[in-house]
Amino acid sequence: KKDKDKDKDTDNTITDYDMSNVLALLQMVTPDDLKDDEEYTEIVEDIRDECSKYGKVNSITIPRPSKDGDKEEEVQGVGKVFVEFDNNEQAKKARDALQGRTFENRKVVAQYFDPQKYAKKDFTQI
């Protein structure tokens with residue numbers, strides 16, 4: 001019985017997520033980049049254009065800082081970009097292509113993200 005519980009816990013960790021149709025792109029945007037509505041829209045369009053080269057993009061989520069300014073830490077995932085592809089293979093192609101690429105003088109880190117957490121907009125563990 002303990003072994004079953006142990007396996008169950010392992011399934012819920014994100015650290016070893018080795019395949020998913022959702023990518024988390026880190027170090028691509030800063031909270032300041034996301035404050036201006038026009039700039040935010042442009043960033044989303046640029047990322048959609050780039051990621052569409054690797055497959056069908058179902059959705060993109062880029063959490064934005066709260067309008068209050070001092071409550072930035074309350075918004076989970078600010079400064080990260082989440083891209084949902086149609087399937088795992090497309091996400092893998094994008095991850096392989098985007099990993100280590102430079103964007104605005106920052107080196108992009110691309111990693112798989114739990115699709116269930118993405119669906120719930122739960123960006124706490126990254």
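Of the 126 residues of the protein chain, 37% count as buried, where buried means under 20% relative accessible area, exposed over 50% and partly exposed in between (1.4 Å probe, protein chains only). The model is predicted: local features need pLDDT of at least 70, side-chain atom pairs count only at pLDDT 80 or more, and totals for chains, interfaces and linings use all residues. Residues are numbered from 1 along each chain as its sequence is written, and side-chain values use heavy atoms, with hydrogens and water left out.

**Overall arrangement**

The protein chain holds 4 helices and 6 strands, which are DSSP runs numbered from the N terminus (helices H or I, at least four residues; strands E, at least two). Along the sequence they follow the pattern α-β-α-β-β-α-β-β-β-α. A contact here means heavy atoms within 4.5 Å. Among contacts between residues at least 6 apart in sequence, 69% join residues at least 24 apart. The chain exposes about 8000 Å², of which carbon and sulfur atoms supply 43%; accessible areas come from the Shrake-Rupley method with a 1.4 Å probe, and for residues only the protein chains shown count as cover.

**Nonpolar cores**

A nonpolar core is a set of buried Ala, Val, Leu, Ile, Met, Phe, Trp, Tyr and Cys residues joined through side-chain atoms within 4.5 Å. The largest has 23 residues, and those with the most contacts inside it are Leu25, Ile47, Ile62, Val81, Val83 and Phe85. At least two residues of this core come from each of β1, α2, β2 (57–61), β3, α3 and β6. The largest share, 5 residues, is supplied by α2. Leaving out residues up to four places away in sequence, Ile47 touches Met28, Ile60, Ile62, Val81 and Val83. A second, separate core of 7 residues includes Val22, Phe82, Phe113 and Tyr118.

**Helix α2 and Glu50**

Helix α2 has 15 residues and reaches 21 Å from its first C-alpha to its last, close to the 21 Å expected at 1.5 Å a residue; the expected span is 1.5 Å times one less than the number of residues. Its buried residues are Tyr40, Ile43, Val44, Ile47, Glu50 and Cys51. They lie on the same side of α2 because they cover an arc of only 135° around the axis, the arc being that of the directions from the helix axis to the C-beta atoms. On the other side, Glu38 and Asp49 are exposed. The buried residues of α2 pack against β2, β3 and α3.

Glu50, in helix α2 (residues 37–51), counts as buried because its relative accessibility is 17%. Apart from neighbours within four places in sequence, Glu50 is in contact with Leu98 and Arg101. The table gives its side-chain polar contacts; a polar contact is a pair of N or O atoms within 3.5 Å, and within protein one must be able to donate a hydrogen and the other to accept it, while residues adjacent in sequence count only if both atoms are side-chain atoms.

| Side chains joined | Polar contact |
|---|---|
| Glu50 and Tyr54 | 3.2 Å |
| Glu50 and Arg101 | 2.7 Å |

**Helix α3**

The buried residues of helix α3 (residues 88–98) are Gln90, Ala91, Ala94 and Leu98. Their arc of only 100° around the axis puts them on the same side of α3. Their cover includes β1 (22–26), α2, β3 (81–85) and β6 (109–113). Asn87 caps the N-terminal end of α3, with a side-chain oxygen 3.1 Å from the backbone nitrogen of Glu89. Just after α3, Gly100 takes a positive phi of about 85°.
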